[in-house]
Each structure stands twice: as C-alpha cells, then as structure tokens.
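Hi,

Here is the structure I promised to send over. Have a look at it first, and my notes on what turned up follow below.

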Amino acid sequence: SKAKEIIVPFEMEWTLNDAQFFVPQRLPKDSYRWQFVEDVMRKESAAYGFKEIRTPVFEHTELFARGVGQTTDVVQKEMYTFDTKGGESVTLRPEGTAGAARAVLEHGLVNDSLPIKASYFVSCYRYEKPQAGRLREFHQFGLECYGTQSPVADAELICAAQSIFDRLGIKQLRLEINSIGCPTCRAEYHKALKEYFYGYKDELCETCNSRLEKNPMRILDCKSPVCSKIAQGAPKITDYLCDEFIEHFASVQKYLDAAGVEYTVNPTIVRGLDYYTKTVFEFVTDFIGAQGTVCGGGRYDGLIEELGGKHLPSLGFAMGIERLLMLMDKQGIEIPKPSTCDLYVAVMGESASLKSFEIIKAVRSCGLIAETDVVGRGLRAQMKYADKIGAKFSMVLGDNEIEQGKAVIKNMSSGEQTEIVLDDTFAEKFMVLQLADVDSFKL
Ligand code: HAM
C-alpha cells in the first residue's frame, strides 16, 4: 500500500522554542502528573495558612538587579532581558521572590496584620546551559512569609516544605541548613574568605577568580571539582556569626528537632541569590543527577527595605516542579491516574447525536466525564475511540433506542450490559451503575 505522506507544516527548528529544551512532558496525557503535584502543594500550604498570589511574568529589570543581586549568576548571565516598545528594560522573571515582594510592597500589604503568608506557582526563565533538570523555562512552587523575625517561622517554613515532600511520597531527600548571618558579620567573613582563596588564585576556575573580589562566598557554591575541593578547607561562616544569629540558628534547630524534621548543618550552603540573611536551606537528592537541589530558600530580612519599603524581616522557599516530577519518576512513585471517560455515547444519525447532547449534559452535571462523537465517525470507529480513551462504559444510540426510549450501557472491562431508560432519571441511574462498578472493583 502507498506509504502515507507526512506533512510537516514548518521546519523542525521552528517548533523548538529556545526555552523548551529538556522539558519533561507537558502534554495533555501527562497533565494529571503535574496537577497532582500542584494539588498537594496547594492543599498542604493552605493548611499552614498560606494564600496564593499571582504575579506578572515580567518585571522592570531593575527589580531583579536590586532584589536578586548584581553579583549573582542569575542577574549577570542568565536573565531574558529586553526593551519594550516604550524603551523600558524588562526581564522575564528568573524566580518568584522579587516579584512577590514588589507586589506586597506596592499594594501596601506590609501595613496589614503580620505575618503575610503568600504561595505561588510561577514559570521562571533563566538562560542557562540546558541539561537534565536544568531548563530555560521551568516552574516553581514557592512560599513567602513577610513580617516575622522569629526562628519559629524559619522552622515552620521548612516543616511546610517537608510536609509537601512527605505527602508526595518522596524519600531520601537531604535537608541541609546553614546560617549566613547579616551583611555586618559577613563583611568579616568575606575578608577571611578572600585571604584564604587568594592563596589558591591560580587553581580556581575563571568564574571563581571573578568572584574573588565581589562575592567570595559564591566560590563555596562552585560545582567544579577543583574549586569545591579547595572550598572544603575554607573558613566557616558559622565561626563569624554575631551572637544574635548563633542563637537564632540554634533556636531554628531546636524547633526542627521538636517537629521531628531531620537535617544536617552544611556550612557550604550559601545559595546563589544575594538577598539571603541568617537561615538558608536546601533539600537535595542524589536520584536525578547533577541538578539535585529540588528546593531552596531562607531568610531575606533586608529585601523589602532594599526595594524601598520599611524593615520587614521575611523568608521563603521555592521548589522546582520539573525536578520534583523527575525525582518521583526515578523513585517509582505512582501518581494516581484519574478517570479519563466515564461514559462514551456512540451515535448513529443526527437525531441520536442530538439526543446524546442531552444525555452527556446530564451525566456531566453529576460530576462525571462523558463524551460523544464530535468527529463524524462511523460506529466501529467510535467504539475503537471509546476503547482507546479508556471509557469505562459505552452506550450506542440509534433510531431504535430513541424510538423505544431505552438503551444498553456496556461495561467496557467486564462486558456486562445493563438497560437504562432514556428519560430524566438517566443520569441518576447511570451514577448508581457506575458507583456499583467502583464498589465491586474495590472488593
Ligand atoms: P533557587 O535555588 O534559584 O531559589 O531556585 C529554587 C528551585 O527552583 C531550585 O531548588 C530548583 O529546584 C528550581 N530551579 C532553579 N533553577 C532551575 C532550572 N534552571 N531548571 C529547573 N529547575 C530550576 C529561588 O529561586 C528563590 N527565589 C527561592 C526562595 C524563595 N527563597 C526565598 N523565597
């Protein structure tokens, strides 16, 4: 037989969006996976009192430059920045914290009763070299809490992240925590670090050499084997913290212990963004390769002030949804597949098609999923389709059925057939039938 000609409407290059490299499936057949994960995040964070905030996908570039920090890789190398027609420089958000803080400030929420607890789902954009788990467009779920300096808030935030991972069934995640103090105690520490790293100037990678002057702490974060080996012997921030922060950090740990959350103190956790102060943390896994950090966060007591507001100690975290999905996949965690179709009504002729509209409308209003033919297929092809989409029940509607006012419903897996009258009670009777099937399935 003649081979079918495949028509490609445009060159393949055009179909690949620059931001879409290495993107795990985001197609309808997989949507139940991310919907499940997002549902858990939404419900779990609501239990901690967080309410959702929606922020714009782009902001004035200056917000990220000031908020995230001029010396960070994100601002220096990874932002999608462009000029608008009005000549303003705008940037696709590389993360959610700066935009949420801007919104909180702009809408005067800082004058409400504190703390303000906000959650968000955001798409983020970073021009990084794509690899598994490192995307140019990715999604974050985050929590931000404004207006508290209590270590209880730090511990509670970490507990919220842990609860989400527990609910998702994720195992073997390491929680690593650290305290990076404030700009004052960091000044001393920077001095000590510079002195130490200058001794290895010739061995450090090019990027770390450029970090030496401006931000030596970031060298601790470098993934190059040489730099990370050198970093192991570097002075520890914990030896430079002011008493107040030592106490704060100890208290966070006390609360984590009380909540039964396991963690290790890792003095090399510095985070890649400039706004952090005091507590920082990461949840890390070995299951998904080099990009193993699935969640990162910490305190940012100076950010709101930096953006023009009053001093408002705040904190938050964000988790990468794609990395979490990868991790769940690698750990073989099954995500419950929802029903795709409860009833498929196959039709023969126009009057049957019109009647099917009435029937599926009633079935749908009971919260069930119902479909009928919208393509104009023959009966056999319709039944094939019903089978393909995994319909639990099917029904054939033709002139006969309409004349007699009843039709046969077929259970697609057992083959069992039941006759139902096509009147106002149809949907109710179908509900009973399908509930009975769910029950017998359970037994
Ligand atoms: P971050 O560590 O840059 O922190 O990102 C948070 C999480 O987003 C990471 O742990 C990772 O799971 C995910 N992620 C980051 N970059 C990528 C990428 N290129 N591809 C895929 N996933 C990625 C922040 O963004 C902070 N705003 C977190 C925060 C909120 N701190 C306080 N509040």
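Before the details, one cut-off: a residue is called exposed when its relative accessible area is over 50%, buried when that area is under 20%, and partly exposed in between. Also keep in mind that this is a predicted model.

With that cut-off, Glu358 counts as exposed, because its relative accessibility is 51%. Its salt-bridge partner is Lys355, at 2.9 Å from N to O, and Lys355 is buried at 19%. Both residues sit in helix H13 (residues 350-365), three residues apart, or about one turn of the helix.

The structure has 28 salt bridges in total. One of them brings together the side chains of Arg26 and Glu137, 2.7 Å apart from N to O. This pair links distant parts of the chain, 111 residues apart: Arg26 is in the loop between helix H1 (12-15) and helix H2 (31-47), while Glu137 is in strand S6. Arg26 is partly exposed at 26%, whereas Glu137 is buried at 12%.

Another salt bridge runs between Arg102 and Glu59, whose closest N and O atoms are 2.8 Å apart. Here too distant parts of the chain are linked, with Arg102 in helix H5 (residues 97-106) and Glu59 in strand S2 (residues 58-60), 43 residues apart. Both ends are buried: Arg102 has a relative accessible area of 19%, and Glu59 has 8%.

On to the rings. I count 13 aromatic pairs in the structure. Phe121 and Phe141 make a tilted pair, since their ring centres are 4.8 Å apart and their planes are at 45°. That pair links strand S5 (residues 116-125), which holds Phe121, to strand S6 (residues 137-146), which holds Phe141, across 20 residues. Phe141 is buried, with a relative accessible area of 0%. Phe426 and Phe430, by contrast, are stacked, because their planes are at 5°, with the centres 6.5 Å apart. Both lie in helix H16 (residues 426-442), four residues apart, and both are buried. There is also a cluster in which ring pairs link Phe165, Phe281, Phe283 and Phe317.

Last, the surface: Arg377, Arg380, Lys384 and Lys388 gather there in a patch of positive charge. Arg377 lies in the loop between strand S13 (370-372) and helix H14 (379-388), and is partly exposed at 33% relative accessibility.

Cheers

Notes. Residues are numbered from 1 along each chain as its sequence is written. This is a predicted model: local features need pLDDT of at least 70, side-chain atom pairs count only at pLDDT 80 or more; totals for chains, interfaces and linings use all residues. Side-chain values use heavy atoms; hydrogens and water are left out. Patches are made of residues with over 30% relative accessible area and no salt bridge: like charges are joined within 9 Å, nonpolar side chains (Val, Leu, Ile, Met, Phe, Trp, Tyr) within 5 Å. Accessible areas come from the Shrake-Rupley method with a 1.4 Å probe; for residues, only the protein chains shown count as cover. A salt bridge is a side-chain nitrogen of Lys or Arg within 4 Å of a carboxyl oxygen of Asp or Glu. Lys and Arg count as positive and Asp and Glu as negative; His and the chain ends are not counted. The place of a charge is taken as NZ of Lys, CZ of Arg, CG of Asp or CD of Glu. Helices (H or I, at least four residues) and strands (E, at least two) are DSSP runs, numbered from the N terminus. Buried means under 20% relative accessible area, exposed over 50%, partly exposed in between (1.4 Å probe, protein chains only). Rings of Phe, Tyr and Trp (its six-membered ring) pair if their centres lie within 6.5 Å; planes under 30 degrees apart count as stacked, over 60 as edge-to-face and the rest as tilted.
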